[in-house]
Amino acid sequence: MVLYASLKELKLSKIKIHQSALFDPNFITFKPTSIPIMQSGVPDFAAETRPMAALITERTDEIIATLKNQRQTGMHTDVLIDCNDGQLHAHKCIITGNNNYFSAMFQCNMLEAKTNQITFNNSSAAIDVILSFIYAEPHPPSLMDKPKLQLEVIEIAHMMEMSKLFQFYWRMWTDSLNPSILLDVWTLAVKYDQLATIQCVLNYMWFNLRQIPLNVVVQLTEVQIETFFKKFEGNPPNDDFIDFILRWGSGNLISRKDSVLKLVSSIDLSSLTCAFVASLLEENILDDFSPFLKDRFVKQAIVKLSFAPNFKINISHTVLDDFSGDAKLVVFDTLTNSWSKSDNLRLRQRHCANWQPIISAKGERFYYGISRNQKFVVYDPIAEKHHFGPRSNNMAVSGFVNDTELFFRERNYFYAVFNFATRKWKKLRFNMKDRGQTILVAKGKIYFNSNKKNVVFIYDVIGNSWTEVVKPETEMINVKCACLASSCKGKLYFIKGTKLFVYNVRSGAWWEKDEPLFSERVAIVGNCEVEFILFKEKEGSGLWMFYVSSDRWFKLPCSIIDIWPKSSFHVSYSY
């Protein structure tokens, strides 16, 4: 009876197991060689029932291991792969069925399809990684600390269009971005069109400018520097950025000097610290580039330090020499508080009675005036040559429209233009009648101050078109501009009562500030390169410089009687 009961219980258990299999396909029943026995003495078939997915995973691992062993030993393989340091084996059905590159190779009438032999000019270690991925083998952990092998795998994966493998190793290689691989990452990111990585490289550079060693900085190409510059063009340049540009330029001064000058000249230096600007000048770092570049930093230092003791401003004019009858240049040095006369320069009075100095955008010194026969004339002291222009009785110098052309207003319809590069004159004709006084010429545009309509007229020389800007107040007095270089910041100064109004021609914005002493002094001329205005006292002969950025005043140790009206206002800077 006991035996019969056990058999009946066993039969019922089998029925239950088979019924569960009908409703759950993930289960399977089988008869093991040794059936576990419960304490009651009944075999436990349910304990041996396992998920099909687990069995498939186990079987897959076994197949992958078997194929890997065959690939390594050459057993049952039918493709031979030659590398530059050895040979590998593979199964044609697997590599062609799981990779388009190999599939195309063996479908076409190629040599590899005939010989079942493939040649790669790569290391066997790199090709083995490619085969491991095709065979679904686990990732070899030894690659984590082998960047050169990672690069080789990246190159092969890109060639074979294995995007998932490429991205895996690309992230592995670029995640540890550092100065030693910076150039390689950038170069390959461009080659493989990895735009996100390029942005990561640029951001890394911006936040680690000082940490990038000189030997890496000087290897950057001009295209890369321009790309980096454009990326952060809207950001205020800091000390590290300017230092980075100068370090790059020092790597090849002959070919990069102009590029450095172009980059630095196109940005606003007002965000630089005083200490950094002073260090550049004290260490003579800028002397290797160009006088014009150094001049930009000297002007910026004057703005920031508001006439620091180490800087000097020269106010120069010409005087008639009683002995020779020629004119000589006389300069008042604000650093030494003294006058000096240049004996090396003689300006012929027979050509012009009132010479005035001017400096070109490239730092070349010239002198100009109206000749005795009523013609514009420019004198080149280096070549000792006079360049005579159109006839006129107007002495107004407007400024530089571009880096080479100086504009002289002739009358209501004409400008006389002198080109410093070619040393030739030309005429520009357009209707300026009733437009007012020329107050600025900069960046291809001429600005006129009109009190009749309370506007500033703007003439675009290149586009031959007119626009106008409404002034915020009526009866504002324009401060004559003395910026005659391409580094002019393009600011118009107006004064009314105790208020200074400034119009930025680049941004098209007005701003103002209040200064009580404006009511006691008369503005003579302004200079937006170093952002100061020269004033004379209303009730005396004293001269004052007002620094717009810092709201500081500096009294010149000379008077209006000493330099006015026989001299034109001209400034030069040195450190």
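How many residues apart are R59 and E62 in helix 2, and what part of a helical turn separates them? They sit three residues apart in helix 2 (residues 52-73), so about one helical turn separates them. Helices here are DSSP runs of H or I with at least four residues, strands are E runs of at least two, and both are numbered from the N terminus.

Before going on, a word on what you're looking at: this is a predicted model, where local features need pLDDT of at least 70, side-chain atom pairs count only at pLDDT 80 or more, and totals for chains, interfaces and linings use all residues. Residues are numbered from 1 along each chain as its sequence is written, and side-chain values use heavy atoms, leaving out hydrogens and water.

Back to our pair. The side chains of R59 and E62 meet in a salt bridge, 2.7 Å from N to O. That term means a side-chain nitrogen of Lys or Arg within 4 Å of a carboxyl oxygen of Asp or Glu. R59 is partly exposed at 47% relative accessibility, and E62 is partly exposed too, at 36%. (Buried is under 20% relative accessible area, exposed is over 50%, and partly exposed is in between, using a 1.4 Å probe and protein chains only.)

The structure holds 12 salt bridges, so let's visit a few others. R71 and E137 pair up at 2.9 Å, N to O. This one links distant parts of the chain: R71 is in helix 2, while E137 is in the loop between helix 6 (124-134) and helix 7, 66 residues apart. R71 is buried at 4% relative accessible area, and E137 is buried at 9%.

R423 and D380 make another salt bridge, with their closest N and O atoms 3.4 Å apart. R423 comes from the loop between strand 13 (414-419) and strand 14 (424-429) and D380 from strand 9 (residues 375-380), so the pair ties together parts 43 residues apart in sequence.

Now for a charged residue without such a partner. E152, in helix 7 (residues 147-159), is buried yet has no salt bridge, and the nearest side chain of opposite charge, K148, is 10 Å away. Lys and Arg count as positive, Asp and Glu as negative; His and the chain ends are not counted.

Finally, look at helix 12 (residues 222-231), whose buried residues are Q224, I225, F228 and F229. They lie on the same side of helix 12, because they cover an arc of only 135° around the axis, judged by the directions from the helix axis to the C-beta atoms. The face turned away from that buried side carries the exposed residues V223 and K230.
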